[in-house]
There are 2 protein chains.
Amino acid sequence: MKEPTLEDIQQTHREISDHIHHTPVLTSRKVNNRIGSRVFLKCENFQRAGAFKFRGACNAINKLSESELTNGVATHSSGNHAQAVALSAQMNDIPAYIVMPENAPQVKVDAVRGYGAKITFCKSSLQAREEVLENIVERTGATFIHAYNNTDIITGQGTAALELLEGHPQLDLILAPVGGGGLLSGTAIAASGISPNAKIIGAEPEVANDAYLSLQTGKLQPVQSTNTIADGLRTSLSKLTFNCIQHHVANIITVYEQEIIEAMRFIWERMNVIIEPSSAVPVAAALYHLQRNYDQIGIIISGGNVGLDHLPWQKEG
Amino acid sequence: MKEPTLEDIQQTHREISDHIHHTPVLTSRKVNNRIGSRVFLKCENFQRAGAFKFRGACNAINKLSESELTNGVATHSSGNHAQAVALSAQMNDIPAYIVMPENAPQVKVDAVRGYGAKITFCKSSLQAREEVLENIVERTGATFIHAYNNTDIITGQGTAALELLEGHPQLDLILAPVGGGGLLSGTAIAASGISPNAKIIGAEPEVANDAYLSLQTGKLQPVQSTNTIADGLRTSLSKLTFNCIQHHVANIITVYEQEIIEAMRFIWERMNVIIEPSSAVPVAAALYHLQRNYDQIGIIISGGNVGLDHLPWQKEG
């Protein structure tokens, strides 16, 4: 698989433009004052199906041939990619087979079901996911849409940064969360093409720091733990996303679980915007871990799919 | 006091344009499907200080003379107007004296304090508020900025609908919550000027239905209970807002408390947007009480200032 280019992302943006939400960029003086920079939040939590993932899934399915579409699509995902594939499949009137880990948040499971997809649950390890998926693909003939080890997915995800940078080409730092690396890869390719002076930093949970370790060691490191509250970031980089990140990303900041919760609440309270824990990871990086001052920071808010019955800052009860 | 005109609202919009957020209009297919119309949410919960009230307060203080500004400004408010006046005063570097009912939400009290205003608490009756305020005005010489019985306030509030209608002039229904009536008045004046075919309906809690009763009887009726969860809608219409509403508003829909909570959760879950109970009132009207179908509905989402420690759909714990 080849790394996409800025031109690929621009072309894709034209192709999916009628299907996606062109999400707003929100600002808040309270947030600016606290971080000490002008901060621009690209709100992909207002994207269709509640996360940036719809951009990639929409593009990937768009690009399939008639014969690849015939038997539907399949994927494994803890949630947002699952929803995005399910919705895109529904729009194309083809079946979607989704393998979800048994610890996926209920709100995401319900949404996938709501889009009419067929769900199969499995253990939360990557091995279990892949085995179950392989069986399904063999049985149904569905086309596998990987969540990030897929050029068309990365190209789609990069369109969020494209929109952000079109309105704000002068950003000097762009932060995006990194799980499997599709969003960070697309963001970095778009940003380094449009705003070569902007620094691109990925943010990930300290307890799932495979991207950090991979970049440090120059060798792809699988994630060791999936215990982070940031349920969208429990996956490891792929060869493709690792390459993109090596080429275009300055470094990875890791943040602690408590910082993720505080950053999430901070955005909920100060901006009245519902962001999920994964989206709070780059916010936590900006709040607690920047090594120097930046004038204008762009943050990709990846999604907002979170259960409302129990919030992480509330005591058990 | 005279009723403002569409031209007043347009002129005001030019004057406050650099100070306010031009808030986004959000849409969701899930919401459209549920309501059976295309629905456009004008998100004033993303306005500065978290509510449309900043538009009016900013304009009212803008319009004061040097001598009226000298000793600062004063008001009584359960929250959002208080925050708006406090922030506008801070921006103008003048003192703000705010009388708040003792049952005002903590999150709103904290925010008012955060903008550097001096707070005096009182019983939650209108009489108590007015007496305490009168004492403060007498003692300090501050200029009283009424939350809605003020032409400049109504003019400012109308700028939200102005922005909504500029992007969506073809709306055939506009819903706004009604408490004191400033937002509904400004909305109705702007809408009837720009889109004369649009119907304008106010929405208020059944347990605080003074606007409904006033319009039914043709006589200003004070609110009898302040027990609604929609804490921004516990006030009565004034003579000025009653006149505006009589001239421009088709009718008032009243909604039940449980419907307010359901509508609030619906928007949180489906759109990832934090709205306060008062904003959920017109959403509940659209969900449960429309008498006929509309093609395109605009809803003014008034604010998003709500405490996050306990949400109304959560069991006590």
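Predicted model: local features only at pLDDT ≥ 70, side-chain atom pairs only at ≥ 80, totals over all residues.
1. Residues are numbered from 1 along each chain as its sequence is written, and chains are lettered from A and ligands numbered from 1 in the order in which they are written.

2. Chain A also holds an open, mixed sheet of six strands in the order 1-2-10-7-8-9. Strands are DSSP runs of E with at least two residues, and helices are runs of H or I with at least four, both numbered from the N terminus; two strands pair if DSSP finds at least two bridges between them. Strand 8 (residues 199–205) and strand 9 of chain A run parallel, joined by five bridges. In this pair, A:Pro205 stands opposite A:Val255 of strand 9 of chain A.

3. In chain B, the axes of helix 12 (residues 257–271) and helix 13 (residues 277–288) come within 7 Å and cross at roughly 95°. Axes are lines fitted to C-alpha atoms, for helices over the stretch in contact, and angles run from 0 to 180 degrees between N-to-C directions. Helix 12 and helix 13 of chain B are therefore roughly perpendicular, a label for 65 to 115 degrees; under 35 is roughly parallel, over 145 roughly antiparallel and the rest oblique.
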